[in-house]
Amino acid sequence: MTSTKTAPETTGALQELARRHLWMHFTRLSAYDQVDVPIIVRGDGCYVWDEHGKRYLDGLSALFCVNVGHGRADIAQAGADQAKELGFFTNWSYAHPRAIELAARIASLAPGDLNRVFFTSGGSEAVESALKLARQYFKLAGKPNKTKVIAREVAYHGTSLGALSATGITALREPFEPLTPGGRHVPNTNTYRMPPGVTDAWFAESIADMIEFEGADTVAAVILEPVQNAGGCFTPPDGYFARVREICDEHDVLLISDEVICAWGRLGEWFGAQRYGYQPDIITTAKGLTSAYAPMGAVIISDRLAEPFLHGHTSFVHGFTFGGHPIGAAVAMANLDVFEREGVIEHVRANEAPFRAMLDSLRDLPIVGDVRGAGYFHAIELVKDKDTKESFSDAESETLLRGFLSGELYRRGLICRADDRGDPVIQLSPPLIAGPEQFEEIEQILRPVLSEAGERMRVEASAGAGDRVRRDPS
C-alpha cells in the first residue's frame, strides 16, 4: 500500500507538518495558526540556530538542562559507542556496567549517606518515585498512615498525578483533578512579597504548623527545591533549610530535595543542598545529569531509607522500562567527565557575580521590581509600580508576556522564559559555560526590550484609565 504521508525531506514543509502532527508540550497550539513554529535545527556552545539560519543565544539552556552547552560531539560519541556495545538492557533484576558505574559516581558526589541511586527517564518520574518510596518506607516502618506530602505554593514538581499533587500551581492541577490525595502546600520563600509583620523564620515555621495541623503521623515527606523555579527563582532565607531539617527530624518526616534543575552545577555546586548546607533524605534529579544529551533522571536515597528494602522478600515495587538506560548512563558519565576536566562548576562560581551584576544593572528600569536567584539561575520580576510593588493583572500579564515580551525577545535573538505562574517574571538560566561575552549580549537585548515593554504597559494603562473616565463621567 502506498503511504499518503509525505516525508519532510521531500517537501521541505516542516512548518505544515509541525502544525498538522506535532503536539508540543505546554503549548497553546492555536498560537501558531498565523505565525511560524520556532524550529531549532542546530546548536553550538551557548547558541542555537533555527531553520532559517538565524542564531539565538540560549539563555535558558533549552529548559534549564543543557548545562555544558550545545554541540558536544564527545558526549554524543559516548552514547554512540555504548550503543555499539550494548544498546539496551533493563535494570529490572539485571544490571549493566554503565548503570553501576554511574550510580557509584553519583553516590560519591552526593552529600552525606545518599549512597543508593534509582534511575528514571526524567524529572517527573524521579519525583513520582521519591513519593512512592516515602510511602512504602513508612509502611515497612509500621507507620502506614504517613502518606501526605508538604510542598510550597506555586512550586512545580512534575506532571504525573503523584508529582502533580505536590505541584502548587492551580492552573496545572485543575484540568486533572481529582489528583492523588495527600498534597498540602505552605508559603514559598518569596521575600520580595513577604506578608507584613512576619520575619524570615515564618517560612520554615509554616511547615511545622502544617505538619502539626495535619498530624505528624499522617505526613510522609516535605519536598522543596533549593531555589524554587516557578514564581521566579525564590532563594531561601538564611537558616531556612537548617530549620526545615530540624522540623522534619522532630516529626519523623522525610526531606526530599527536588533538584531536577538545581543539581549539576546550576547553583555552583554538584547539588543545591550543598550550596545551602543541608542534608536531605532523598534527592530527585534529571536535566543536567546528562546535559540533556539523553533523557535520564535519578532518585538518590539515604542508606537509612534503603535499609528496610535490603532484607527478605521486600522490594521497592516500582520501576520504568528505560530507567538506567545504558546509552543514557554512558552519556551521563561523559557529561560528568566534561564537568571535571573543564572545571565547569568552578567556572560558574567565578562568573556568578558578573552575571548577577549584569542583571542588577537592569534595576534602573521602571518595570523591573526584583532580581533574584543563585548561580546561573535567576529571575527578574516585572511590576506595574516599582514603589508599591503593584503587579500586573492576569489580562495585563497576558498582554505583557505573550503579547509582546516572549515574541520580541526571541525575534531579537534571545531565548529565555517569560512566565506568569505567579507574578510575571523573566527567567535566565544560560549554559554553565557562558561568560561575560554572553552576559553583555543578554543585557544588550533585555534592556531595550524591557524598556519598550514598560512604556507599552504605561501607555495601555493610561488609555484604559481614559476609557474608564469616558464610560463613567461621574
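**Exercise 1.** Which residues does Ile380 touch, not counting residues up to four places away in sequence?

*Solution.* Before starting, note that this is a predicted model, where local features need pLDDT of at least 70, side-chain atom pairs count only at pLDDT 80 or more, and totals for chains, interfaces and linings use all residues. Residues are numbered from 1 along each chain as its sequence is written, and side-chain values use heavy atoms, with hydrogens and water left out.

Step 1: contact means heavy atoms within 4.5 Å. Step 2: with that cut-off, Ile380 touches Leu359, Leu362, Val368, Asp370, Val371, Pro424, Val425, Ile426, Leu428 and Leu446.

**Exercise 2.** Find the core around Ile380, then look for another one.

*Solution.* Step 1: a nonpolar core is a set of buried Ala, Val, Leu, Ile, Met, Phe, Trp, Tyr and Cys residues joined through side-chain atoms within 4.5 Å. Buried means under 20% relative accessible area, exposed over 50%, and partly exposed in between (1.4 Å probe, protein chains only). Step 2: Ile380 is among the residues with the most contacts inside the largest nonpolar core, which has 67 residues; Trp264 and Leu446 are also among them. Step 3: another core, of 24 residues, lies apart from it and includes Tyr137 and Ile282.

**Exercise 3.** Describe how Phe241 and Tyr278 pair.

*Solution.* Step 1: rings of Phe, Tyr and Trp (its six-membered ring) pair if their centres lie within 6.5 Å; planes under 30 degrees apart count as stacked, over 60 as edge-to-face and the rest as tilted. Step 2: the structure holds 18 aromatic pairs. In this one, the ring centres of Phe241 and Tyr278 are 4.0 Å apart and the planes are at 10°, so the pair is stacked. Step 3: Phe241 belongs to helix α10 (residues 240-250), while Tyr278 is in the loop between α11 (272-276) and β9 (282-285), 37 residues apart. Helices (H or I, at least four residues) and strands (E, at least two) are DSSP runs, numbered from the N terminus. Step 4: both residues, Phe241 and Tyr278, are buried.

**Exercise 4.** Compare the backbone and exposure of Lys287 and Ser291.

*Solution.* Step 1: most residues other than glycine have a negative phi. Step 2: phi is positive in both, near 35° for Lys287 and about 50° for Ser291. Step 3: Lys287 is in the loop between β9 and β10 (297-302), and Ser291 is in the loop between β9 and β10. Step 4: Lys287 is partly exposed at 21% relative accessibility, whereas Ser291 is buried at 1%.
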